[in-house]
Amino acid sequence: MTSRNPRDSRLRLVSPRTLAAAPRAAVTQRRRPAPRPPEGTPPPAELARMARTVLADAARVARWADAALRPGREGAGSDGKGTLSDATAERAAADLGLTPDQVRHDWDTARLAGLVEVHGDSARPGWRLRAWHRDDSAVLRGWVALFDAWSLAHPEPGDREPAAVAEVVSAMPQVLSFLMLSAGPVPVEQLLDLLEQRVTELRTERCEIPYGPQPEPGAEPAAEAGAEAGAEDTPLAPLLDWALRAIASVGALTYGDGQATLTPLGSWAVWVKLEQICVAAQSPAGNIEVSAEDMLRGCAQLRPNAARAEYRAWLAARTVGAAVTELIDAARGEDALIRGLAFEALRVVGAPAEPDVRTVADETPLRPYALLWLAEHDGADPEDAHEVLTREEATWLWVDTAAAVADHGEAPLLVRHLESAVQATVPALLDEVRAIGHPRTVQVLVALAAAHPDPALAKAVRRAAFQVHTGGS
């Protein structure tokens, strides 16, 4: 509570929280009844047992690493990617009775499933490995993470046109949806027809008329013409064979004798993603079709659980890399509310977003959000994660959050935001706010002065705003 005496304007010290963590206005909406999986889908416990079977080898290597690669000993390779060194792979192979190539494959699978988390040039067991025997949902989420990364789990042939490979990866969700709806074996020839149709649609969607003077017909740059021709001339049958084998390698389908069939795990995963897309499509804002910034703005008035459901649905309709890039671009904008919500959505993405979040930790506007995200990702309690911030970073975050409150919240919420400052007094807060150079400092202080009921404190805040505006002290 702030004192009525401006000379002793003590602030109650509480853990700073971003606006995204603050209670939001309730939105009255008709809730969709919880969907039921298709008839014949095994119960969650059985699905988890199947997932544990698929991931058993990866979990074995992850446990070996947990026991054998303690801090201070040789661990994951030092190339910043968490790959095993040759010596470590040979040591694991000898201990586990495997070949070094098998160890590397299982290690990569463990990383994709979140059983191992890579942080810079080191790796450690993920929380899913810790919850392996007691939490079915953690196991299933780990397997779904592997399923989402099927194109990484089984890399494409090196002699294929990259643009054609990207088109096939983008088209495979429709192929998998068709397999799920078919509920049985489907001939590969039928899947190839569907794949060719979807790739043609993707190429048509990309066909846009550029703005400005156009080159004469036939004057298309040779490099662009060659790339497009290379993709269009690449036969899709070998790429479909690669995609089906890759998805089979993660346990989502069976493939042989010219047919493909989804496994119970694969059918369940595709159904879950279709349900997520349907939920988003039925939302008032139609969030699945819009940009990251518009999606975040549409979720601003939802309570945290409802917002996270929207984030998951929006993410389910996009590749992880593209979604993370779009969220970070939205966070770079001028709206502090969107910045905070973007990092909430990145929390839903989880481990796949870590490299991009680490990259933006050097950008001043994003640094406090990125450091909090990384601290929580590394296992810190969300209530204690703010301890990784310096005093200047915490003050920057306080001003940024105050800007979001001033733009989108109510006056009482802005007054209560004072309680989250790390400074012990209002004068100390004002001194440090003036020093950090946040571009919204003047607007925040003016809004706070207008909102605060204490005339003396409001006067001091207005004076500080004037000093920042004029560059005085």
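A kink of about 35° lies at A171 in helix α8, shortly before the proline P173. The model described here is predicted. Helix α8 covers residues 162–182, 21 residues in total. At 1.5 Å a residue, α8 should span 30 Å. Its end C-alpha atoms are 30 Å apart, which agrees.

What does the side chain of E167 meet? A polar contact of 2.8 Å joins the side chains of E167 and R203. The pair also forms a salt bridge, with the closest N and O atoms 2.8 Å apart. R203 lies in helix α9 (residues 188–205) and E167 in α8, so the pair ties together parts that are 36 residues apart in sequence.

The whole structure holds 23 salt bridges. One of them links the side chains of R49 and E46, at 2.7 Å from N to O. Both residues belong to helix α1 (residues 44–54). They are three residues apart, so about one helical turn separates them. R49 is partly exposed, at 43% relative accessibility. E46 is partly exposed as well, at 27%.

Another salt bridge pairs D407 with R440, the closest N and O atoms being 3.0 Å apart. D407 sits in helix α19 (residues 391–408), while R440 sits in the loop between α21 and α22, so the pair ties together parts 33 residues apart in sequence. D407 is partly exposed, with 41% relative accessibility. Salt bridges that share partners also join D86, D101 and R104 into one network.

Elsewhere, R358 is found in helix α17 (residues 354–360). This arginine is partly exposed, with a relative accessible area of 33%. R358 and L371 are 13 residues apart in sequence; their C-alpha atoms are 8.1 Å apart in space.

The protein as a whole has 23 helices and five strands. Of its 473 residues, 44% count as buried. Among contacts between residues at least 6 apart in sequence, 68% join residues at least 24 apart. The accessible surface comes to about 24300 Å². Carbon and sulfur atoms account for 53% of that surface.

Key. Residues numbered from 1 in each chain as written. Predicted model: local features only at pLDDT ≥ 70, side-chain atom pairs only at ≥ 80, totals over all residues. Heavy atoms only, no water. Helix = DSSP H or I, 4+ residues; strand = E, 2+ residues; numbered from the N terminus. Expected span 1.5 Å × (residues − 1). Bend = angle between axes of the 7 residues up to and from the residue. Buried < 20%, exposed > 50% of the residue type's maximum accessible area, 1.4 Å probe, protein only. Contact = heavy atoms within 4.5 Å. Areas by Shrake-Rupley, 256 points an atom, 1.4 Å probe, with all protein chains shown as cover. Polar contact = N/O pair within 3.5 Å; in protein donor to acceptor, adjacent residues only side chain to side chain. Salt bridge = Lys/Arg side-chain N within 4 Å of Asp/Glu carboxyl O.
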